[in-house]
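Please look over the structure below before reading on.

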Amino acid sequence: MPRTTIDIALPDLSGKRAVVTGASDGIGLGIATRLAAAGAEVLMPVRNPRKGESALAGIRREVPDAKVSLRPLDLGSLASVAALSTALLDEGRPIHLLVNNAGVMTPPDRQTTADGFELQFGTNHLGHFALVTRLLPLLRAGRARVTSQISIAANRNAINWDDVNWQRSYDGMRAYSQSKIAFGLFGLELDRRSEAGGWGITSNLCHPGIAPTSLLAARPEIGRGQDTMGVRWIRALSARGILVGTVRTAQLPALYAATSPEARRGGLYGPSGPGHLGGPPAEQKLYGRLRSPEDARRIWQVSEELTGG
């Protein structure tokens, strides 16, 4: 079945400095490519230098005049986050766009970051929390828009407040949901604090729907030796244009949330098709688990305590 082309136009981003985490493949690579094509200078903090160099070469093939560069970053290491933040602060150049896109999903067994946090909570949420809070001077200087990539999984399960690092028990999907709920609450609290304090930062959320990305694919480094059955089904549906999106369409909510003049602070943007699984990007109702300012303040405090922020 032919798939109708879905796309959005980006504004001219010449003179803007953008940072995109998780840009070495998949959705993040597509986001970085589109931002570069719109004229932004794009920084790509990556954990794997080989994948990063390959991604950089791909962008330059597609956008010959792209202003793109790599920086080392492992979101599972607070020392790595601190090193990148210090380097960027030393450069002293304002950041105008920050797309917090990197993530890890459902290791079969509990794993930990370099600092001992449960891998998904530590990478998806705490690493980004530490990055944003350390870069606040540059984000304020650029009156930045910060867009944080959550997931439809943030509409299920809950934060395990009594055991946020899942030390007493481990459920991969529940831990993944927690990481994305926490991350969403943080993104909204960032916007509230900016508005109250006159920081000039606007923060919003996005999610990609469902698409055949690498999140559920074979990832030996997290103990998943082969593709999950879920990603095989997603690939088959995507190839036939049924219900779910493609890697290309899954980029669009983040691009819209990060660049559109119509995207509002504190909003959530995702695909507008059935179940918000695929289709053109649009604003959608904020998930119930993200609506509590009290929970948002609590996760900010917990995150500060854990990261030393």
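1. This is a predicted model, in which local features need pLDDT of at least 70 and side-chain atom pairs count only at pLDDT 80 or more, while totals for chains, interfaces and linings use all residues. Residues are numbered from 1 along each chain as its sequence is written, and side-chain values use heavy atoms, with hydrogens and water left out.

2. In H1, the residues Ile27, Gly28, Gly30, Ile31, Ala32, Thr33, Arg34, Leu35 and Ala36 are buried, that is, under 20% relative accessible area with a 1.4 Å probe and protein chains only. Because nine of its twelve residues are buried, H1 is largely enclosed by the rest of the structure.

3. Helix H1 covers residues 26–37 and reaches 17 Å from its first C-alpha to its last, close to the 16 Å expected at 1.5 Å a residue (1.5 Å times one less than the number of residues). Helices here are DSSP runs of H or I with at least four residues, and strands are runs of E with at least two, numbered from the N terminus. Just after H1, Gly39 takes a positive phi of about 105 degrees.

4. Eight strands form an open sheet with mixed pairing, in the order E3-E2-E1-E4-E5-E6-E7-E8; two strands pair if DSSP finds at least two bridges between them. Strands E3 (67–72) and E8 (281–284) stand at the edges with a single partner strand each, so one side of each is left without a neighbour in the sheet.

5. Strand E2 (residues 41–46) runs parallel to E3 and is joined to it by six bridges, and Val42 stands opposite Val68 in E3.

Definitions and conventions. Buried < 20%, exposed > 50% of the residue type's maximum accessible area, 1.4 Å probe, protein only.
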